[in-house]
Amino acid sequence: MEVRSESIQVRSDKLPAPVIPRTRLQVWFVRVCSSILLWTFLVQLVAFGKLWHPLFISNITNRISQFTGIPLSLHVEESIQSTPLLPARNYSSNGYLRVSCNGGLNQMRAAICDMVTVARLLNLTLVVPELDKTSFWADPSNFDDIFNVKHFIDSLRDEVRIVRRLPKKFNRKYGFISFAMPPVSWSNEKYYLEQILPLIKKHTVLHFNKTDTRLANNGLPVYLQKLRCRVNFQALKFSPQIETLGHKLIRLLREKGPFVVLHLRYEMDMLAFSGCTHGCTKEEADELKQMRYAFPWWREKEILSDERRSQGLCPLTPEEAALTLQALGFNKETQIYIAAGEIYGSERRLATLRATFPMIVKKEALLSPEELKLFRNHSSQMAALDFMVSVASNTFIPTYDGNMARVVEGHRRYLGFKRSIILDRKKLVQLLDMHQNGTLSWDDFAAAVRLAHEKRQGQPMQRRAIPDKPKEEDYFYANPHECFCEGMNCDDSLSHNNSSKVL
């Protein structure tokens with residue numbers, strides 16, 4: 001019995017040790033580590049989001065919005081802008097660039113993008129741009145009244161060093177006078193490297209006292225073109241007060257369904273500047289002419305209105321806009337937001353448009369006088385609200401191809417080729433006149449208007465370049481196609497015929 005017991009003991013000693021199951025603590029530890037790794041990856045992905053283009057994400061959210069009616073584009077923009085601080089670019093600065101922007105909000109916006117790009121090209125330190133306070137609008141707003149200065153500086157620190165003000169030693173009260181000049185319009189890389197850089201090295205501080213269209217549309221290195229886009233679409237974020245009120249406007253409009261933005265550029269300054277008086281009384285035409293003569297920087301004084309209109313160089317009148325929108329298929333149920341200042345002729349000129357489209361609204365009707373109090377007499381801040389609503393709209397239709405129309409068009413292309421109907425005013429004037437004099441029936445008029453605009457709805461396309469004629473070629477900020485093609489063949493993408501149906 002003892003021997004058996006001993007032999008049994010020996011066998012049991014040779015058996016393998018039992019497998020100990022994982023404790024709950026170990027499983028929890030593995031899960032925590034996995035979660036940390038996953039979140040680290042996501043944070044890094046977002047951190048480099050500024051270098052990526054949101055076109056793919058925007059296309060997905062646009063599709064979801066179409067099926068669900070839930071707008072997602074704002075959240076895409078916010079997630080891209082909410083990125084961690086990037087490491088500062090280390091470079092030896094060649095001097096300071098001070099810039100005074102001229103014009104309205106969107107002309108200044110494009111100029112700021114150009115000046116950041118020039119500073120990057122020449123390895124300069126950029127002083128936060130000064131905004132125009134002396135033009136027709138006489139808006140006293142500073143940069144930080146309209147844009148988020150901290151975000152502007154921080155979001156570009158990996159490309160350009162930006163300071164809020166010049167060092168004291170370069171201040172006028174200490175006897176320092178900076179060298180001031182306007183750079184040549186539509187200039188290329190060579191001009192800035194060969195003519196501007198030596199001036200900065202000589203004077204240390206250079207002041208550009210005009211900044212509109214001072215950088216070429218085409219022929220620049222792709223990295224500079226992409227920087228222009230990055231400043232425009234990501235660094236120039238509006239100030240908190242503008243963002244808050246702009247998002248409220250968008251929410252109020254979306255609560256009632258899809259909406260169209262009509263950029264009705266039928267304001268006194270535009271009519272006086274362009275010399276377009278079609279539909280005006282003789283007294284109004286005389287008033288506009290007197291205004292044109294009162295502003296010396298408007299060079300053209302004697303203008304033939306009918307000739308200019310026939311060339312497609314006039315903004316549509318409110319009455320012409322009403323007929324055009326009807327022909328494009330919009331009806332009484334269409335919610336239309338008018339992005340504009342004071343319409344010349346006021347409600348008298350809007351009567352036909354309101355009768356045709358009863359669901360017309362303006363920001364003054366959606367917001368209380370108290371909410372708009374701080375924005376009144378600040379045309380650029382009011383324009384910023386219209387800009388936000390225009391970018392967020394389901395369809396954007398400008399009646400004139402000014403700076404806002406073109407900059408909004410480009411922004412909507414960047415967000416996934418959102419629908420913007422760019423009116424062919426030369427063709428429209430012919431069709432409108434034929435319909436109104438009875439030689440073209442309504443059905444034929446409507447069919448012709450739709451046919452003329454099938455391929456003018458913000459579809460992907462190459463920007464048209466015309467050597468030595470920059471004013472006649474396509475504007476960079478209306479179609480910055482270099483910024484749409486990361487990770488895909490640009491030619492294939494931009495030649496795609498993406499015609500869209502009427503909302």
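Mentor: Gladly! Let's begin with one term: two residues are in contact when heavy atoms of theirs lie within 4.5 Å. Keep in mind that this is a predicted model.

Trainee: Which residues does Glu 409 touch, leaving aside those up to four places away in sequence?

Mentor: Phe 396, Ser 420, Ile 422 and Ala 478. Glu 409 itself sits in helix 19, which covers residues 403-414.

Trainee: Why is Glu 409 called buried?

Mentor: The label applies under 20% relative accessible area. Glu 409 has 11%, so Glu 409 counts as buried.

Trainee: What makes helix 14 roughly perpendicular to helix 21?

Mentor: Helix 14 (residues 318-327) and helix 21 (residues 442-452) pack at an angle of about 80°, and their axes are 8 Å apart. Angles of 65 to 115 degrees count as roughly perpendicular, so this pair qualifies.

Trainee: Which residues make that contact?

Mentor: Helix 14 brings Leu 323, Thr 324, Gln 326 and Ala 327, while helix 21 supplies Trp 442, Phe 445, Ala 446, Val 449 and Arg 450.

Trainee: How do those residues divide into nonpolar, polar and charged?

Mentor: Six are nonpolar, two polar and one charged. Arg counts as charged, so Arg 450 is the charged one.

Trainee: And how many helices and strands are in the chain?

Mentor: The chain has 22 helices and nine strands. Of its contacts between residues at least 6 apart in sequence, 77% join residues at least 24 apart.

Conventions. Residues numbered from 1 in each chain as written. Predicted model: local features only at pLDDT ≥ 70, side-chain atom pairs only at ≥ 80, totals over all residues. Heavy atoms only, no water. Helix = DSSP H or I, 4+ residues; strand = E, 2+ residues; numbered from the N terminus. Buried < 20%, exposed > 50% of the residue type's maximum accessible area, 1.4 Å probe, protein only. Axes fitted to C-alpha atoms, helices over the stretch in contact; angles between N-to-C directions. Parallel < 35°, antiparallel > 145°, perpendicular 65-115°, else oblique.
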